[in-house]
Amino acid sequence: MITSKTKRIGILGWPLEHSLSPVMHNAAFAALQLDYVYVPLPVRPEKLAQAVEGFKAMGFTGVNVTIPHKVAIIPYLDEIDSSAQMVGAVNTVAVRDGKTIGYNTDARGFIQSLLAQQVTVTGKSAVLMGAGGAAKAVVSGLLTSGIASVTIGARSREKAQALTALFPGNANLAGCEWHDPVFIKRLQECDLLINCTPIGMAIHQGEELPVPWSALTPNTVMCDLIYNPPLTKFLAMAQERGHKIVNGAGMLIEQGALAFEIWTGKPAPREIMTEILCKYG
Ligand code: NAP
């Protein structure tokens with residue numbers, strides 16, 4: 001039962017119709033019999049500052065932050081944890097003694113989703129396709145986990161290089177246009193190939209990632225950050241060719257589980273969270 005004592009958590013984003021976070025977190029709170037509730041808080045970009053004041057004033061325990069607010073929220077928070085500083089974006093906020101602290105659980109969430117599938121990154125080489133917000137978290141996670149090299153390919157060389165510039169001092173990081181011969185060579189030799197673009201989602205039907213399938217080594221692990229559909233065309237092709245595949249569902253669950261642990265201080269019920277995502281995802 002929701003009472004005045006129930007701890008409140010929200011998700012700030014715009015739009016929010018498709019977010020599975022409310023159903024995932026409410027199921028997790030119920031499973032551990034925690035007196036928490038998680039509500040969608042659709043907030044237009046121009047109302048973000050007021051929304052931050054609003055959730056603080058209403059005594060929220062925390063919020064998740066999603067598109068388009070992950071970077072824009074930073075100036076309105078009291079503290080930024082090192083996880084969010086490294087990525088330059090916040091996806092989780094905790095309110096403690098009236099102070100807002102911003103975290104990023106996407107980077108660790110991505111690495112933990114690989115570990116859950118027995119994929120390790122230390123000493124390996126990774127190639128990313130796409131250089132947006134999610135790619136930033138993936139690069140941060142890979143660099144803090146001992147990856148040997150990361151090559152980012154995007155349709156715009158400038159954007160790929162702008163992403164590498166966010167992680168200065170990493171000689172093992174390169175940004176290219178994705179038809180660049182250097183990029184194609186790295187693709188052919190990499191241990192991990194990660195799709196960080198939305199190509200594969202229903203709205204991008206008919207578009208394809210420029211993957212030179214026949215030139216890839218069979219040992220390359222193929223990852224897609226997309227979780228809906230669970231098997232994108234890219235992953236289906238990879239599976240057909242005998243590659244190990246990892247989709248984005250694990251990252252979604254892990255980033256949520258880490259946020260849950262920040263708010264509640266209790267281990268997240270990952271199995272319940274996974275079950276609920278399979279049911280509604
Ligand atoms: P984003 O910030 O908009 O970045 C998207 C990237 O993909 C940009 O580099 C963009 O290039 C590129 N791109 C977009 N459309 C393209 C196209 N038609 N052809 C080639 N490149 C294209 O988005 P994001 O937040 O990084 O999200 C990327 C994907 O990751 C989405 O599918 C999202 O659902 C998924 N995701 C999953 C999780 C999870 O927990 N599993 C978490 C976050 C995101 P330009 O800059 O040139 O437009």
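In the predicted model, six strands make up an open sheet with mixed pairing, in the order 2-1-3-5-6-4. The edge positions are taken by strand 2 (36–42) and strand 4 (79–80); each has a single partner strand, so one side of each lacks a neighbour in the sheet. Strand 3 (residues 62–65) is joined to strand 1 (residues 7–13) in the parallel sense over four bridges. In this pairing Ile9 stands opposite Gly62 of strand 3, and Leu12 stands opposite Val65. On the other pairing of strand 3, with strand 5 (residues 92–96), the strands run antiparallel and are joined by three bridges. Here Gly62 stands opposite Ala94 of strand 5.

Side chains in a regular strand alternate between the two faces of the sheet. In strand 3, Gly62 and Asn64 point one way while Val63 and Val65 point the other way, and all are buried.

Trp14 and Pro15 are joined by a cis peptide bond, with omega about -5 degrees; Pro15 belongs to the loop between strand 1 and helix 1 (21–31). A cis peptide bond is also present between Ile67 and Pro68, where omega is about 10 degrees. Pro68 is placed in the loop between strand 3 and strand 4.

Gln33, which is not a glycine, has a phi of about 50 degrees and sits in the loop between helix 1 and strand 2. With a relative accessible area of 75%, Gln33 is exposed, because the cut-off for that class is over 50%. Asp97 likewise is not a glycine and has a positive phi of about 50 degrees; its place is the loop between strand 5 and strand 6 (99–103). The relative accessible area of Asp97 is 83%, so this residue also counts as exposed.

Val90, by contrast, is a buried loop residue. It lies in the loop between helix 3 (82–87) and strand 5. Val90 counts as buried because its relative accessibility is 0%, the cut-off being under 20%. Leu77 is 13 residues from Val90 along the chain, and the C-alpha atoms of the two are 9.8 Å apart.

A further open sheet of six strands has the order 9-8-7-10-11-12, with parallel pairing. Strand 9 (173–177) and strand 12 are at the edges of this sheet; since each has a single partner strand, one side of each is left without a neighbour. Strand 8 (residues 149–154) pairs with strand 9 in the parallel sense over five bridges, and Ile152 stands opposite Gly175 in strand 9.

Four bridges link strand 10 (residues 192–195) to strand 11 in the parallel sense, with Asp224 of strand 11 as the bridge partner of Asn195. Strand 11 also pairs with strand 12 (residues 245–246), in the parallel sense and over two bridges. In that pairing Cys223 stands opposite Val246.

The ligand is surrounded by 22 residues, the closest being Ala131, Ala134, Arg155, Glu207 and Leu225. By class, this shell comprises 13 nonpolar, six polar and three charged residues. Helix 5 (133–144) and helix 9 (249–264) each contribute at least two residues to the shell.

An oxygen atom of the ligand is 2.7 Å from a backbone N or O atom of Ala134. For Arg155, a polar side-chain atom lies 2.9 Å from a ligand oxygen atom. A polar backbone atom of Gly248 is 2.9 Å from a nitrogen atom of the ligand. Taken alone, the ligand exposes 920 Å², of which the protein buries 77%.

Notes. Residues numbered from 1 in each chain as written. Predicted model: local features only at pLDDT ≥ 70, side-chain atom pairs only at ≥ 80, totals over all residues. Heavy atoms only, no water. Near = heavy atom within 4 Å. Polar contact = N/O pair within 3.5 Å; in protein donor to acceptor, adjacent residues only side chain to side chain. Areas by Shrake-Rupley, 256 points an atom, 1.4 Å probe, with all protein chains shown as cover. Nonpolar A, V, L, I, M, F, W, Y, C, P; charged D, E, K, R; others polar. Pairing = 2+ DSSP bridges. Buried < 20%, exposed > 50% of the residue type's maximum accessible area, 1.4 Å probe, protein only.
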